[in-house]
Amino acid sequence: MKKNDIVEVEITDCGINGEGIGKLLGFPLFIKDALIGDTIQARITKVKKNYAFARLEKIITPAKERITPPCPVAAPCGGCQIQALSYPAQLTFKEKKVKDVLMRLGKVPEGLLEQVMEPIIGMNEPYRYRNKAQYPFGTDKEGNLIAGFYAGRTHHLVTTDDCLIGAKENKDVLDVILRHARKHHIAAYDEETRTGLLRHVLIRKGTHTGEIMVCPVINGKTYPKVDSLIEELTKLPGMTCIALSINTQNTNVIMGEEIQTLWGTPYITDKIGDLEFRLSPLSFFQVNSQQTEKLYQKALDYAGLTGNETIWDIYCGIGTITCFLARKAKQVYGIEVIPEAIEDAKENAKLNNIDNIQFYAQKAEDELPKHKEDKKTDIIVVDPPRKGLDEKVLETIIYMEPKKIVYVSCDPATLARDIKYLREHGYELEHLTPVDMFPHTVHVETIVSLQRTDT
Ligand code: SAH
């Protein structure tokens with residue numbers, strides 16, 4: 001087998017990034033946009049020692065779960081990887097992904113998994129779910145300013161102004177910014193030459209309140225003709241916060257550290273269940289509000305609170321799960337590394353008349369060990385970023401001996417690694433539910449509870 005060979009192959013598996021996997025004389029081929037069940041013609045693009053990559057050239061027989069993706073740029077855009085798979089088949093794929101990785105990396109016995117694992121929680125309407133969009137700007141071949149999304153793993157911009165998993169309002173915001181920038185000759189930032197001004201725009205919408213936040217990210221200190229931009233943006237319904245993010249660094253981190261409020265409040269407010277939350281441009285907020293409600297409900301169910309508990313909520317963001325827990329517990333402590341998020345978290349507790357939370361704006365691995373002698377802790381809730389729990393955090397949790405651990409994870413691989421550790425250190429899986437927070441992408445959220453075995 002060599003580069004540019006044309007081969008016919010049946011797709012029999014799906015990789016972790018949603019790519020199709022087929023075997024040719026036992027040799028695995030990885031093919032983007034091919035689905036399990038497809039028989040395809042593909043062109044070999046790269047041959048490695050034990051596997052090869054190929055490009056989908058033609059679908060000979062489509063998989064029975066294959067559908068025509070509603071988004072016209074579903075294939076080139078890097079945002080959705082599995083839009084061509086029917087939604088029920090996506091849910092099956094994600095459930096299997098969680099199960100496989102927990103067995104393979106987490107060494108969880110299949111029998112136990114079957115006992116504790118509940119069916120994945122999907123969405124009824126799996127479009128328009130994202131409450132946050134970050135559109136990069138670029139320049140087309142004719143030199144015109146454009147906005148869109150990067151094609152999978154590249155920095156090539158696919159033009160689109162109406163992402164179907166995002167809010168309808170994003171298009172109107174983009175129209176205003178593009179029209180204004182073209183009129184005033186404001187150029188897109190160019191990563192190679194490090195010239196040009198407009199890098200990204202962050203748009204957030206309060207799913208329940210309809211409040212809109214717009215925050216352009218610029219390679220400079222000031223936004224030209226900003227008054228006329230504000231005037232146009234404030235004509236849009238729901239406009240609540242217009243802020244500016246300064247990012248003059250040579251980095252692919254989107255947001256700069258400095259945020260200026262240009263108009264309105266420095267935050268928007270949204271609701272989850274019956275609680276209200278303020279979020280500012282730099283704060284983390286779950287992107288799918290509808291599913292978040294279901295996820296947090298599971299967290300509460302799994303915690304099984306009676307009102308007497310002392311709880312640590314680690315990686316607490318703007319204090320969302322923290323507030324839900326606090327209403328049903330005696331005392332909650334929250335740890336989060338971003339100071340702005342902790343400011344929001346304190347405001348959020350006040351906003352909801354909750355006074356039994358203490359927040360720490362610190363790294364979990366630095367703060368938690370300071371409290372390790374505090375053996376009153378009944379439950380520890382963790383919701384770490386993709387890299388999972390820090391070793392120090394894991395060690396401290398074990399030392400603190402909570403009766404229960406509730407783990408919210410956005411990466412099954414690191415979850416599996418951490419579950420393996422916890423099972424080896426006196427905890428056993430009690431419940432587990434995958435939640436589809438990100439339809440049409442390969443990502444899956446999982447919520448787990450573990451119980452101390454010697455209590
Ligand atoms: N529980 C919250 C946030 C979860 S996202 C919610 O449901 O909304 C993970 C959070 O961990 C982010 O807010 C991120 O800023 C924070 N974080 C990342 N690394 C951290 C660390 N080392 N220590 C504490 N918090 C961290």
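Two strands pair if DSSP finds at least two bridges between them, and strands here are DSSP runs of E, at least two residues long, numbered from the N terminus. I kept that in mind while looking at β18.

**Ground rules.** I am working from a predicted model, where local features need pLDDT of at least 70, side-chain atom pairs count only at pLDDT 80 or more, and totals for chains, interfaces and linings use all residues. I number residues from 1 along each chain as its sequence is written, and side-chain values use heavy atoms, with hydrogens and water left out.

**Strand β18.** I looked up its neighbours. Four bridges join β18 to β19 (residues 404–409), and the two run parallel. On β15 (residues 310–314) I also found four bridges to β18, again in the parallel sense. V381 of β18 stands opposite D313, and its bridge partner in β19 is V406.

Next I checked the side chains. In a regular strand they alternate between the two faces of the sheet. In β18 (residues 379–382), I379 and V381 point one way and I380 and V382 the other. These four are buried, meaning under 20% relative accessible area (1.4 Å probe, protein chains only).

**Ligand.** Which residues come nearest to the ligand? I noted Y296, E336, A364, E365 and D383, out of 17 around it; a residue counts if one of its heavy atoms lies within 4 Å. I then looked at polar contacts, here pairs of N or O atoms within 3.5 Å. A polar side-chain atom of Y296 is 2.6 Å from a ligand oxygen, and the side chain of E336 has an N or O atom 2.7 Å from a ligand oxygen. For E365, a polar side-chain atom lies 3.1 Å from a ligand nitrogen.

How values were computed
A polar contact is a pair of N or O atoms within 3.5 Å; within protein, one must be able to donate a hydrogen and the other to accept it, and residues adjacent in sequence count only if both atoms are side-chain atoms. Buried means under 20% relative accessible area, exposed over 50%, partly exposed in between (1.4 Å probe, protein chains only).
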